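Reader: I'm new to reading protein structures. Could you walk me through this one, feature by feature?

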Amino acid sequence: MNIKKILKTILPLVLGGFLVWYSLSKISLEILIGYFKEANYSWIFLGLFFGILSHLSRAYRWKFMLAPLGFKPKFTNSVLAVLVGYLVNLALPRAGEISRATVMTNYEKIPFEKGFGTIVAERIADLIMMLSIVAITLFVQFDFIWELLTKNFDPTKIFIGLTILATLAFVFIRFVKKAKTGFLLKIKTFVSGLVEGLTSIFKMKNKWAFIFHTVFIWVMYVAMFWATIPAINGLNVPFGGILIGFIAGGFSIAATNGGIGLYPIAVAGALALFNIATEPATAFGWIMWTAQTVMIIVFGGLAFLLLPLVNKNK
């Protein structure tokens, strides 16, 4: 393993450790433990139920990507592979996709490059869903976001800034389209891949089933966030706060290993926009993150143990 790979592995963990310390500086450990003790775990388990449904749906959706390639894996193996992938991602970001494809290679004889290719296509669909939720949030909360911006920034400066950004974006897109080499070519290739991945979804035989499961997965993600809120007595979050908090938490998970340290900070920061006190907001972030992480560790660990057992005849 070269230095670059070592840094990619260690730096997110170091950053996560620092963020844990920073988050705990906003709320004492004693108070945080008190919130955990007093939490209503019925709501937490309901949230976890929605999370499990999303994992099962993801595993089932995968078959629509593999079918055109001539593969029909067992649903059990698909579920276990998805769970293993989530577990591996906690330790090594993005390595979960590799492990997921490797599991199917070992137990379903699906060539690694083909299995991995379908996972990349899935991620494109998930990225589109995340961007769609951001767009919906901007639409639903436009007045709130605009008021927040105008309260903290001069409207004239906002208009000038948006105009400059639009102009720069136009110029940048023109350069990307004409790119032949270098970093801009990589961006052009990436965007082309996104477009190709999106159009391929609408060309597949079971496109509506695939789209349904894609939407269902993300509805369950939001439902998991929403269902966990009542676990903290007196925590009232409006619908807009749920969406913004979910988005903040989602991006934090992509930034560090499973959102360690950053997730509670991001969620608390989002909820603070709706005048929710720091302590309950931070406690909710920690409870939400802990519930998700424990679920992944428990079910991912079981998946590792069950894979050789359910495939003992192979």
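Author: Gladly! From the N terminus on, the elements of the protein chain run α-α-α-α-α-α-α-α-α-α-α-α-α. Keep in mind that this is a predicted model.

Reader: How many helices and how many strands does the protein chain have?

Author: The count is 13 helices and 0 strands.

Reader: What share of the residues counts as buried?

Author: A residue is called buried when its relative accessible area is under 20%. Here, 41% of the 314 residues of the protein chain count as buried.

Reader: Can we try that on one residue? Is E97 buried or exposed?

Author: E97, found in helix α5 (residues 95–108), has a relative accessible area of 7%, so this residue is buried.

Reader: Which residues does E97 touch, leaving aside those up to four places away in sequence?

Author: E97 touches N89, F116, I119 and R123. With R123 there is a polar contact between the two side chains, at 2.8 Å. As for I119, 22 residues separate it from E97 in sequence, while their C-alpha atoms are 6.8 Å apart in space.

Reader: Now the outside. Which residues form a nonpolar patch on the surface?

Author: The patch consists of V294, V298, F299, L302, L305, L306, L309 and V310, and together they have about 680 Å² of accessible area. One of them, L305, is found in helix α13 (residues 278–310).

Reader: Why does L305 count as exposed?

Author: Exposed means over 50% relative accessible area. L305 has 59% relative accessibility, so it counts as exposed.

Key. Residues are numbered from 1 along each chain as its sequence is written. This is a predicted model: local features need pLDDT of at least 70, side-chain atom pairs count only at pLDDT 80 or more; totals for chains, interfaces and linings use all residues. Side-chain values use heavy atoms; hydrogens and water are left out. Helices (H or I, at least four residues) and strands (E, at least two) are DSSP runs, numbered from the N terminus. Buried means under 20% relative accessible area, exposed over 50%, partly exposed in between (1.4 Å probe, protein chains only). Patches are made of residues with over 30% relative accessible area and no salt bridge: like charges are joined within 9 Å, nonpolar side chains (Val, Leu, Ile, Met, Phe, Trp, Tyr) within 5 Å. Accessible areas come from the Shrake-Rupley method with a 1.4 Å probe; for residues, only the protein chains shown count as cover. A salt bridge is a side-chain nitrogen of Lys or Arg within 4 Å of a carboxyl oxygen of Asp or Glu. Contact means heavy atoms within 4.5 Å. A polar contact is a pair of N or O atoms within 3.5 Å; within protein, one must be able to donate a hydrogen and the other to accept it, and residues adjacent in sequence count only if both atoms are side-chain atoms.
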